[in-house]
Amino acid sequence: MEIGNLEARVDGLMDGLRADLERLAAIPSIAFPGFPPEPLEQAHDLLVELLKDAGVEHIERLDLPDTAPAVYAHIPPPDPGAPTVLLYGHYDVQPPGDESSWLSPPFEPTPTDDPGGGLRARGIADDKSNVIAHLGMLRVFGGRPPVGIKMIIEGQEEYGSPFDDYPPTDPERFACDAMVIADLGNLRPGTPTLTTGLRGAAEVIVEVRTLDEPRHSGEFGGAAPDALLVLLRALSTLHDDKGDVAVPGLRRDEWSGAGYTEDEFRSLAGVQEGLPLIGSGGLGERLWSGPAVTVIGLDAPSVEGAASAVVPYARAKLNLRFHPLQDPKEARDKLVEHLRAQRPFGIALTVTPGDTGPGYEAATGGPAYEAARSALQRAWGKEAGYVATGGSIPLVNGLAQAAPEAEVLLFGAQDGMCNLHAPNERVLLSELRNTVVAMAAFVTEYAEDFRGRTGAPGAGA
């Protein structure tokens, strides 16, 4: 296929891609405990069917312990001089949450009135639109792209999957020259974006017991140590007066890439009118290249039915997000050390380290990134920017360990305004269309550059 006909080819495929996206998004493929497994099988089987229709001949079902089935597809390189690109996506979705907050049933894909056209459904952006974008790229080339393809579409990313650790144990399956991990998207609609950094994550439990049992606050309050007051005083040391993290040893750098405006961030976060944001420095520094500590759980007496008593026991669960290049154990241990050093009212805390997940920072100077920047500019008509994300994708590190020489690209069809993991999740069809164009242009340009650098002949040479 001539690259000059690419946009017209994609436009001719969009009706079919939309129909397939609606079919896939109508399946409630939730891998969380308590949800039926049958929809996961249905989504898996539909993807196998769609890949076969796209001309893919080698398709395997991967059944790892305690996880939903994954789809593995392989298209050999068209000739010895062509590179291999690994494509990743997932077909499982978050639970819909409170369905009364949705404008339409979460598993009935419904058109929206967004400019560029949109569809609303749970998981339609994260990550089923990106899976369909991979499929669209294959259809552009009739199942015979100018590169070799390895594709992984897993079914348990949202809940937690063995794929976080599996790829390094089977490196031959994942060997490639570049990979496109399509579990992200543009900063905002119409703004081509490559995500180059992922913050790491860790959890810590902090607790304190001061009394054998609750005691009357009138008789004992004022002298008996209140466990909740002790805990709150310790938690207050985690941030300074500006709201910046005050834990020594956590890395923080300036952010020089693209980012949200303050108005965009306020809208996305749902910040109440008139309230300030916390922290100092740029938003990118606070969100992506610096640490954040959040109290995500608190065990203490509830207000409803509270007794007039001194609290004997309190516990909190903390979530730490840290710089993409900081060692996970080091970052978590800095938080643990800080809390263990606290002695509110002379009382020691019990601090328990929890799980960690590494961050990731991509090298952006290679030929795959050059081809991707060119491809995204072609698709959107604008130069691509770099962003990071505060969320963690442990699978990225697993794939990078399996193919350590491969360039890792993160882009896709969802966007920062799509209500990810929230009610009324939506995807814009214009973003899906441009992502298919970008993926097809990327594999074309990358194949040409790869041959030029290696001196290898192309197909038919």
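**Ground rules.** The model is predicted, so I kept to its cut-offs: local features need pLDDT of at least 70, side-chain atom pairs count only at pLDDT 80 or more, and totals for chains, interfaces and linings use all residues. Residues are numbered from 1 along each chain as its sequence is written, and side-chain values use heavy atoms, with hydrogens and water left out.

**Entry 1: α1 and α2.** I began with helix α1 (residues 6-25) and helix α2 (residues 38-53). Helices here are DSSP runs of H or I with at least four residues, strands are runs of E with at least two, and both are numbered from the N terminus. The axes of α1 and α2 come within 10 Å and cross at roughly 160°. Axes are lines fitted to C-alpha atoms, for helices over the stretch in contact, and angles run from 0 to 180 degrees between N-to-C directions. For contact I used heavy atoms within 4.5 Å. On the α1 side I found D20, R23 and L24, which meet A43, L46, L47, E49 and L50 in α2. By class, this contact of α1 with α2 has five nonpolar, no polar and three charged residues. The classes are Ala, Val, Leu, Ile, Met, Phe, Trp, Tyr, Cys and Pro as nonpolar, Asp, Glu, Lys and Arg as charged, and the others, Gly among them, as polar.

**Entry 2: α1 and α3.** Next I looked at how α1 meets α3. Their axes come within 9 Å and cross at roughly 140°, and α1 and α3 are therefore oblique to each other. α1 passes α3 in a right-handed crossing. The contact includes L13, G16, L17 and D20 of α1, and V131, I132, L135 and R139 of α3. I sorted the residues of this α1 with α3 contact into twelve nonpolar, three polar and four charged.

**Entry 3: α2 and α3.** α2 and α3 (residues 124-140) pack at an angle of about 20°, with their axes 10 Å apart. The two are therefore roughly parallel to each other, and α2 passes α3 in a right-handed crossing. L47, L50 and L51 of α2 make the contact with V131, I132, L135, L138 and R139 of α3. I count seven nonpolar, no polar and one charged residue in the contact of α2 with α3.

**Entry 4: the cavity.** A cavity is a set of points where a 1.4 Å probe fits but cannot get out, a pocket is an open set with protein on both sides within 12 Å along at least five of seven lines, and lining residues have an atom within 4 Å of a point. Grid points are joined across faces, edges and corners, and a volume is the space filled by probe spheres set on the points. The count came to one cavity of 30 Å³ or more, and the largest cavity holds about 40 Å³ of space. Its lining is L47, L51, V131, H134, L135, M151 and I153. α2, α3 and β6 (148-154) each give two or more residues to that lining, and α3 gives the most, with three. By class, the lining of the largest cavity has six nonpolar residues, one polar and no charged.

**Entry 5: the second largest pocket.** About 220 Å³ of space lies in this pocket. It is lined by 16 residues, with T196, E254, W255, S256 and E361 nearest its centre. β9 (193-198) and β17 (385-389) are the elements that give two or more residues to the lining. I sorted the lining of the second largest pocket into five nonpolar, seven polar and four charged residues.

**Entry 6: backbone details.** A cis peptide bond joins D126 and D127, with omega about 15°, and D127 has its place in helix α3. N419 is a residue other than glycine with a positive phi, near 65°; I found N419 in the loop between β19 (414-415) and β20 (426-428).

Definitions and conventions
Angles under 35 degrees count as roughly parallel, over 145 as roughly antiparallel, 65 to 115 as roughly perpendicular and the rest as oblique. A crossing is left-handed if the near helix is turned anticlockwise from the far one by less than a right angle, and right-handed if clockwise.
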